[in-house]
Amino acid sequence: QDETTEATTKAERLGQLFDNLPSTTSRTDLLRVFTRHLLIAEARKSQCHALLLGSSTTALAELTLSETAKGRGFSLPWQINDGVLGVPSFSPNSSSSKPDETGILIYHPLRDALRKELVTFTKLSGEPTPIADLLPETDLTTTAAVVSHKDLSIEEVMVRYFADVEENYPSIVANVARTTGKLMRLFGGGGAGGGAGVNGDEGEGASRVNGEDDGSDEEVDDDERLCGLCSMPLDEFGDERWKGELGEYNYRDVVVGGEGEKKTKQRVCYGCERSIRG
């Protein structure tokens with residue numbers, strides 16, 4: 001009975017969280033963030049060596065433009081590219097948000113296949129395939145035109161846009177995804193060891209740019225570079241510059257830690273702040 005009550009309470013709190021978000025885009029955005037956290041948590045719980053995400057070329061192109069529009073363009077190399085991703089622990093038994101030192105491998109096996117190609121494959125195969133579960137139930141190319149985007153999230157707008165582009169100009173979809181795939185990570189992305197610098201050099205942290213040391217002796221831990229909500233790297237200088245132009249000069253913090261645990265504050269990225277506060 002206690003477990004049932006606790007589960008109901010958590011469900012109610014989650015529902016209240018989504019009800020209090022300022023827009024449809026905010027709700028869709030946080031749902032995607034929570035889903036990603038859940039997939040990674042389950043993969044680590046099962047001691048999996050890697051997590052395979054079923055994102056097609058079209059889905060990666062949609063994610064590229066939607067995340068850029070929401071202010072998370074800096075994190076695209078971590079979201080789009082294959083490789084090791086270090087993530088914080090949100091376990092109730094942990095009062096620290098410090099990322100795991102080994103991280104987890106993330107791969108997109110379908111990154112070179114368009115959505116319409118996968119749809120055609122499932123139709124020609126004649127038998128149900130695991131890929132069928134990754135495809136939308138409706139054909140977006142036949143969906144009636146939307147007069148107003150007021151009640152649509154940015155993600156839904158991008159899906160409708162690329163449904164049309166994919167049908168008539170598939171090379172554009174591929175170019176968006178492949179161009180984004182060439183972006184390199186400035187640092188390890190949260191405890192993943194050394195990451196590639198902008199010129200491809202390996203190293204710990206972002207102290208080397210184009211092969212030159214920035215002259216700073218101060219070391220910044222990867223957990224200090226991660227957003228407290230989406231766990232993506234913080235674009236400290238970019239975020240502060242935009243916030244300054246918008247009249248906001250300081251990062252706002254989120255509290256990490258459950259009831260009865262030590263509370264720690266962690267900065268949130270520009271995109272998450274906009275999703276939370278509008």
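Arg72 and Glu67 form a salt bridge, with their closest N and O atoms 3.1 Å apart. A salt bridge here is a side-chain nitrogen of Lys or Arg within 4 Å of a carboxyl oxygen of Asp or Glu. By this rule the count comes to 8 salt bridges. The model is predicted: local features need pLDDT of at least 70, side-chain atom pairs count only at pLDDT 80 or more, and totals for chains, interfaces and linings use all residues. Residues are numbered from 1 along each chain as its sequence is written, and side-chain values use heavy atoms, leaving out hydrogens and water.

**Arg72 and Glu67**
- Arg72 is buried, at a relative accessible area of 3%.
- Glu67 is buried too, at 0% relative accessibility.
- Buried means under 20% relative accessible area, exposed means over 50%, and partly exposed lies in between (1.4 Å probe, protein chains only).

**Lys70 and Asp29**
- The side chains of Lys70 and Asp29 meet in a salt bridge of 2.8 Å, N to O.
- Lys70 sits in the loop between α3 (57–69) and α4 (76–80), and Asp29 sits in helix α2 (residues 24–45), so the pair ties together parts 41 residues apart in sequence.
- Helices (H or I, at least four residues) and strands (E, at least two) are DSSP runs, numbered from the N terminus.
- Both Lys70 and Asp29 are buried.

**Arg111 and Asp82**
- Arg111 forms a salt bridge with Asp82, and the closest N and O atoms are 3.2 Å apart.
- This pair links distant parts of the chain, 29 residues apart. Arg111 is in the loop between β3 (104–107) and α5 (115–125). Asp82 is in the loop between α4 and β2 (83–85).
- Arg111 counts as buried at 18% relative accessibility, whereas Asp82 is partly exposed at 32%.

- Salt bridges with shared partners join Asp29, Arg32, Glu67, Lys70, Arg72 and Glu155 into one network.

**Cysteines**
- A search of the whole structure finds 0 disulfides. A disulfide is a pair of cysteine sulfur atoms within 2.5 Å.
- For Cys227, the closest cysteine sulfur is in Cys272, 3.6 Å away and too far for a bond.
- Cys227 is buried, at 0% relative accessibility.
- For Cys269, the closest cysteine sulfur is also in Cys272, at 3.6 Å, and again too far for a bond.
- Cys269 is buried, at 6% relative accessibility.
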